[in-house]
Amino acid sequence: MIDAHRFEGQAAGAVFEAWERFVRGDDQVPGVRPVVAISWQRCRERYRVNPHLREAPVAAPGRDHTPEHDVVFAELGFRAASVAHEMGNLHGVVIVTDAAGRILGEWGDPATLARATDFNLAPWFCWSECAAGTNGMGTALEAHGPVLISGAEHWCQAFHNWVSAGIAVRDVVTGEPIGGLSLCCWRSRLPPSAGGWLANAVAKTQRALKSRARDSGAELVAAYTQAGARSGTPLAAVDTAGKAVIADDKASVLMGVPASTPAIDATLRWNPGLPELIGAARHASEQAAHNPDWVGSTQIFTHLADGPTAISIRPVFSSAHLIGHLVSFGVSDGPPLPPAEGPGVPPRRLVGVRENRMVLLRLPEVSLAESEGNDVWLSTAQGRLRAASPSLDKLDTELAGAGFLRVHRRYVVNLSRIREIERGNKGELLLVMDGEADELVPVSRRNAPAVRRALNI
């Protein structure tokens, strides 16, 4: 008969040995779960967190919260308080954080709460990955779904005696985290129900956000209809993430989305795949936060157009809350937006996962990334690997300016690895990628102009 405690001890010892090697610079982490190995890689390569940090730092001043944020924090506080007694009986604590990993409140066992203060596991201290390394609260803000971090899986050695599970509440429009809920214990296990309870608590919290997003979508369509009645220019309405909620016949062609078809539900809105439009929408959101009357203009490359198109962008509010923007094509009302900032520094390497092994890839090794269901797969010199990135949109953003291009809603390709270009029976473009498999990648109609510009064809 297997001694379960002995087996768990051996597994924990293997993780600690892998942690020691990784801290010293070794990239091989056998026996370490992919979510943990990927987090370690971020902590070492991107955030450069000191693995010998002994306590979490003081959080930076938080930004003003939107009404959605206040709804989330109130709901999470209610959920946390409802389970505080149960966690207290298990000598654990339940914690609510904001999007930056700043602890807003905690409840539970008084003795554990007192011990937690030795590590700054307390309100107004920051437990994001970039501040405190791999931990249940911070890693949940970087991932999707519940995250459990136990013992030596924590990046900072001082936290190896803790077990922490966390989950993030995300904005249903932008997908960005709003806050988080986590459970923590000292030198003991969390109950098996911890992951399910966290997921259920967040699902209930996000119902209100989904309802508010639907209402905002309907109000944005109403604003579009009213503006369209007095405008003769192509017009569209986009949400704060730059996704199309509705567009007229002419604007729909420029954006590559269905015409005159409202997408009120936030999960059904169309991504036009126009990075400059998304950047303009984000800039407009920042300006509107300080000046509700702000209107701006810029030029963007649109689908099926060889040159840039002028646009004017006007924020739309409901009850003093920004819900999206009206975009007029072919006009330049308002002052010009500042030149778009160049893409951030691309990652030096991409992270692929094969079983429980993390594979660090140089960018030239990757020929393409493909979205398949809930996963992103990389075609590489080392075979087909699951990407650490949770979405193709995020990977596309990370690789901007690094020689990669979005050519289809399912594909991002390495331009230097395109060997041939074929034309299909209906004139569509097909890319033959360099590699043993000679993979064929379709180019969508709306992405074809960008591909032609990038390849000078």
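Let's start with confidence: the protein chain averages a pLDDT of 88, and 93% of the residues score at least 70. Here pLDDT is the predictor's confidence in each residue, from 0 to 100. This is a predicted model, with local features needing pLDDT of at least 70 and side-chain atom pairs counting only at pLDDT 80 or more, while totals for chains, interfaces and linings use all residues. Residues are numbered from 1 along each chain as its sequence is written, and side-chain values use heavy atoms, leaving out hydrogens and water.

One stretch needs care: over residues 1-7 pLDDT stays under 50, and the model has 2 contacts for them beyond four places in sequence. A contact means heavy atoms within 4.5 Å. Where pLDDT is low, the predicted coordinates should not be read in detail.

Now step back and look at the overall shape. The C-alpha trace of the protein chain spans about 70 × 55 × 40 Å along its principal axes. A compact globule of 457 residues would have a radius of gyration near 23 Å, so the 24 Å of the protein chain agrees with that. (This radius is taken over C-alpha atoms, and the globule rule is 2.2 Å times the number of residues to the power 0.38.) Of the 457 residues, 49% count as buried, meaning under 20% relative accessible area with a 1.4 Å probe, protein chains only. Among contacts between residues at least 6 apart in sequence, 54% join residues at least 24 apart.

Next, the inside. A nonpolar core is a set of buried Ala, Val, Leu, Ile, Met, Phe, Trp, Tyr and Cys residues joined through side-chain atoms within 4.5 Å. The largest one has 41 residues, and Trp40, Leu121, Trp127, Trp155, Phe159 and Trp162 touch the most other members. Helix H2 (residues 34-47) gives the most to this core, with 5 residues. A second, separate core of 28 residues includes Ala80, Ala84, Val172 and Ile178. Back at Trp127, its partners beyond four places in sequence include Ala56, Ile103, Leu121, Met137 and Phe159.

In all, the protein chain has 11 helices and 20 strands, which are DSSP runs (H or I, at least four residues, for helices; E, at least two, for strands) numbered from the N terminus. Three of the strands form an open antiparallel sheet in the order S18-S19-S20. S18 (418-423) and S20 (440-442) stand at the edges with a single partner strand each, so one side of each is left without a neighbour in the sheet. S18 and S19 (residues 429-433) pair over 5 bridges; two strands pair if DSSP finds at least two bridges between them. Ile418 stands opposite Met433 in S19.

Technical notes: Buried < 20%, exposed > 50% of the residue type's maximum accessible area, 1.4 Å probe, protein only.
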